[in-house]
Amino acid sequence: MSSNTENHAGHADIPGHEIPKSTIIGSYFALLFLTAVMLGLSQLNVAKFDIDWLNLHAIRTTLIMGTALIMGLIVSMFLMGLRYESKLLNLTIFLSNFVFLLIFVLFTWVDTSFRGEVDPTFNEKINWTSPVKHEAAGEGHEGAATEAKPAAPAAEAAPAATEAKPEPAKEAAPAAH
Amino acid sequence: MATASTGLPEHHVAHHFDSAEQEFDSVKTGMWLFIASEIMMFGALFVGALLFHTLHPAAFSEGSSHLNWHLGAINTFFLLTSGLTMGLAVIAAQHGEQGKVRMNLVLSIILASGFLVVKTIEYSAKFEHGTLPGRLWHAHGFTDPFSHIFFGLYFVMTGLHATHVLIGMGMMIWALYRSTQVKFTRGYFTPIEMVAIYWALVDLVWVFLFPLLYLIG
């Protein structure tokens with residue numbers, strides 16, 4: 001610690017880093033350009049291309065979110081200054097944070113995408129009857145009082161609710177004024 | 001510029017720090033920890049969106065088609081440009097250009113207000129159409145029985161983000177006030193740098209929020 005003080009006392013005591021103005025302006029235009037790319041991709045009518053063996057919709061989604069990821073990297077690298085961060089502690093905080101987030105996202109994605117393959121009733125379970133009453137059912141006013149209960153009463157709900165016919169929760173009286 | 005900064009006292013390193021560098025690094029570590037907790041908070045919501053998007057893609061597609069991507073794109077422009085002005089404010093602070101710092105802060109505040117104005121326009125349309133979260137939902141013309149989940153996520157995520165925009169604006173106003181109290185130099189620009197990092201986080205979240213809600217579906 002004391003040698004540190006010595007050091008700093010001797011040298012010019014300069015905190016942080018200077019990010020060049022050109023880098024900041026360059027990142028800004030890169031971000032604008034990537035936003036334009038993202039918008040362009042989203043406006044692309046993939047149904048027009050008649051290709052069966054490729055899921056163009058999924059590819060477009062991946063490309064859009066990939067562009068967002070590049071934009072996120074530019075923001076964190078240059079606007080947040082991560083690129084110029086030399087302290088190992090700060091880098092560890094930031095990067096481990098992303099590793100945990102990745103675990104979080106990956107496990108959720110794997111679970112929701114593939115649980116159907118081990119649990120044949122999964123697709124029925126997720127089509128639970130929502131207590132939020134949709135207009136198709138009648139008046140189009142607010143539904144039942146409580147929040148959605150995820151593990152729905154599979155026995156009676158599952159057969160009825162496979163497609164767009166939500167029966168509102170039974171306790172909701174239709175004329176609620 | 002020089003006249004603007006004259007008369008202001010210089011910052012003195014607090015007595016419990018060895019140097020300006022150590023003081024700055026301590027503040028920055030604290031800021032990174034805070035940013036990490038923020039990313040985790042938004043991360044949980046993104047995971048929620050991913051979960052429901054995978055389970056009910058049709059509901060997301062329908063909900064997304066009811067959002068106006070033009071307004072979202074305008075807001076992206078506002079946020080990215082304010083990110084630029086905040087970056088320039090940091091550079092100006094490092095060069096001791098007090099006037100430029102203030103100008104860039106004011107520009108950032110104006111752009112952030114623009115974002116909130118557009119958000120208000122969007123929200124009022126949602127209120128009008130009844131596409132509100134949970135049991136407040138009273139919209140017409142939706143075919144998917146789960147589209148209200150999309151709007152629940154929309155309101156929670158954009159609402160939390162807009163709260164961050166508001167807090168960020170408050171911090172910019174504080175930084176503006178600070179610029180009248182102390183002279184920024186290459187050795188002391190901490191307040192501007194930290195506000196800029198916070199603002200970059202607001203940008204970072206929006207960069208993912210915008211495509212997720214408005215563009216894919």
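Where in H4(A) is there a kink, and of about how many degrees? The kink in H4(A) is centred on A:Thr112 and amounts to about 35 degrees, the bend at a residue being the angle between axes fitted to the seven residues ending there and the seven starting there. This is a predicted model, in which local features need pLDDT of at least 70 and side-chain atom pairs count only at pLDDT 80 or more, while totals for chains, interfaces and linings use all residues. Residues are numbered from 1 along each chain as its sequence is written, and chains are lettered from A and ligands numbered from 1 in the order in which they are written.

H4(A) has 31 residues and reaches 43 Å from its first C-alpha to its last, close to the expected 45 Å, a span taken as 1.5 Å times one less than the number of residues. Helices here are DSSP runs (H or I, at least four residues), numbered from the N terminus.

The contact between the chains takes 54 residues from chain A and 55 residues from chain B, where contact requires C-beta atoms, placed from the backbone, to lie within 7 Å. On the side of chain A that touches chain B, H4(A) gives the most, with 12 residues.

Within chain B, the axes of helix H2 (residues 20-55) and helix H6 (residues 147-178) come within 11 Å and cross at roughly 165 degrees, the axes being lines fitted to C-alpha atoms over the stretch in contact, with angles from 0 to 180 degrees between N-to-C directions. H2(B) and H6(B) are therefore roughly antiparallel, a term for angles over 145 degrees.

Conventions: Helix = DSSP H or I, 4+ residues; strand = E, 2+ residues; numbered from the N terminus. Parallel < 35°, antiparallel > 145°, perpendicular 65-115°, else oblique. Contact = placed C-beta atoms within 7 Å.
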